[in-house]
Amino acid sequence: MGVRRVMMQAGFDDLADFERRSMTALGVSRDVFVAGSGPGVLIMQEMPGITPQVAAFARMVRDAGFAVYMPLLFGEPGRPFSPAYMLGQTLRMCISREFSLMAAHRASPIVDWLRALAVQVHGACGGRGIGALGMCITGNFALTMMLEPSVRAPVLCQPSLPAIGGPGALHASREDVETVRARLEREDLTLLAYRFEGDKLCPAARFTALEKALGPRFLGRTLPDSAANPDAPLKQPHSVVTNHLINEAGQPTHSAVQEILAFFRARLPA
């Protein structure tokens, strides 16, 4: 695990160490990849799908003592990243009714389904609650997941929506953000978030807006671009815990993963 290219798997990941379940919420069934035991953590994939790098991060969470639930929201499970794959999935998302890429001040409809899934995950895993981590296109979903009381440990990795509305726009209604802030304060909870300094998909203004909206309950971490894995398939630093992770002790991205795991342990004691 101590090499710079550990996350750069060349071929498909068969996800054989995950159980593929069909789970139904709000009358809609989706495949969910499940692994591990302990408090539940719902991992929401980034574009273009559950790539080998996303699966590798899910295994880190599993191996840290959590039950991982990773719903298939788009793409082909285990397929590696390529520019053509990314373009195809982006075009699909642009016309999807479940993903509102252009919506400022309201969340994508798919978040309703994810909150209903969170109830099931908590029921299956027990404990005080579950974690929810989103990445890129799903990054902001972890914010409005906090409208579900079972979600206690939200993590936003490079939240990239909305695609319009200005860099400081949020993918959530003002009323929902106020409700989340009140809950964070009432229950003494916090929200973790990560981005790279030069990331144009998740600009600094987005973290500024989140900090303004949530106050000290928002814990934003900005990593220098030099901390990104230079061997990633995307050269522009973006994916903190997947494509651009350097999984070596002392590396800022490795430290980010360890902070996330410690956050889950603190908020989701077994």
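Predicted model: local features only at pLDDT ≥ 70, side-chain atom pairs only at ≥ 80, totals over all residues.
Eight strands make up an open sheet with mixed pairing, and their order is β1-β2-β4-β3-β5-β6-β7-β8. The two ends of that order are β1 (19–25) and β8 (218–223), which stand at the edges. Each of these edge strands has a single partner strand, so one side of each is left without a neighbour in the sheet. Going from one strand to the next, the twist averages 25°. As a bit of background, strands of a sheet pair through backbone hydrogen bonds, and the pairing is either parallel or antiparallel. Both kinds turn up here, as the mixed pairing says.

One of the bridges links Thr24 to its partner in β2, Ser29. The two strands form a hairpin with two residues between them, and Leu26 in the turn has a positive phi of about 55°. Gly27 also sits in the loop between β1 and β2. Is Gly27 buried or exposed? Its relative accessibility is 69%, so Gly27 counts as exposed, given that the cut-off for exposed is over 50%. Although Gly27 and Trp113 are 86 residues apart along the chain, their C-alpha atoms are separated by 9.1 Å.

On to the next neighbour of β2 in the sheet. Strands β2 and β4 run antiparallel, with four bridges between them, and Ala35 has Val68 as its bridge partner in β4.

Further along, the pairing around β5 is parallel. Four bridges hold β3 and β5 side by side in the parallel sense, with Leu42 partnered by Ala132 in β5. On the other flank, β5 and β6 are also parallel, this time over six bridges, and Gly131 has Ala153 as its partner in β6. How many residues of β5 are buried? Six of its six residues are, and the strand is mostly covered. Ile130, Ala132 and Gly134 point one way from β5, while Gly131, Leu133 and Met135 point the other way, and all of them are buried.

What packs on this sheet? Helix α1 (residues 52–63) does, touching β2, β3 (40–44), β4 (67–71) and β5 (130–135). The direction of α1 makes about 155° with that of β4. Helix α3 (residues 110–125) packs on the sheet too, and its contacts are with β1, β2, β3, β4, β5 and β6 (151–157). The direction of α3 makes about 115° with that of β1.

Now for the insides. In soluble globular proteins, nonpolar side chains tend to be buried together. In this model the largest nonpolar core has 49 residues, and those with the most contacts inside it are Met44, Leu114, Leu143, Met145 and Leu214. Helix α3 gives the most to this core, with seven residues. Met44 shows what such a spot looks like: leaving out residues up to four places away in sequence, it touches Leu73, Leu114, Ala132, Leu133, Gly134, Met135, Thr138, Phe141, Ala142 and Met145. Among these partners of Met44, Ala132, Leu133, Gly134 and Met135 are buried residues of β5. There is also a second, separate core of 38 residues, which includes Phe33, Val41, Leu223 and Val241.

The structure holds five aromatic pairs. One of them is Phe263 with Phe264, a tilted pair at 6.3 Å centre to centre with 40° between the planes. Arg30 lies over the face of Trp113, at 5.4 Å from the ring centre. Likewise, Arg195 lies over the face of Phe207, at 5.9 Å from the ring centre.

Note on methods: Residues numbered from 1 in each chain as written. Heavy atoms only, no water. Phe/Tyr/Trp six-rings, centres within 6.5 Å; stacked < 30°, edge-to-face > 60°. Lys NZ or Arg CZ within 6 Å of the ring centre and 35° of its normal. Pairing = 2+ DSSP bridges. Axes fitted to C-alpha atoms, helices over the stretch in contact; angles between N-to-C directions. Contact = heavy atoms within 4.5 Å. Core = buried A, V, L, I, M, F, W, Y, C linked by side-chain atoms within 4.5 Å. Buried < 20%, exposed > 50% of the residue type's maximum accessible area, 1.4 Å probe, protein only.
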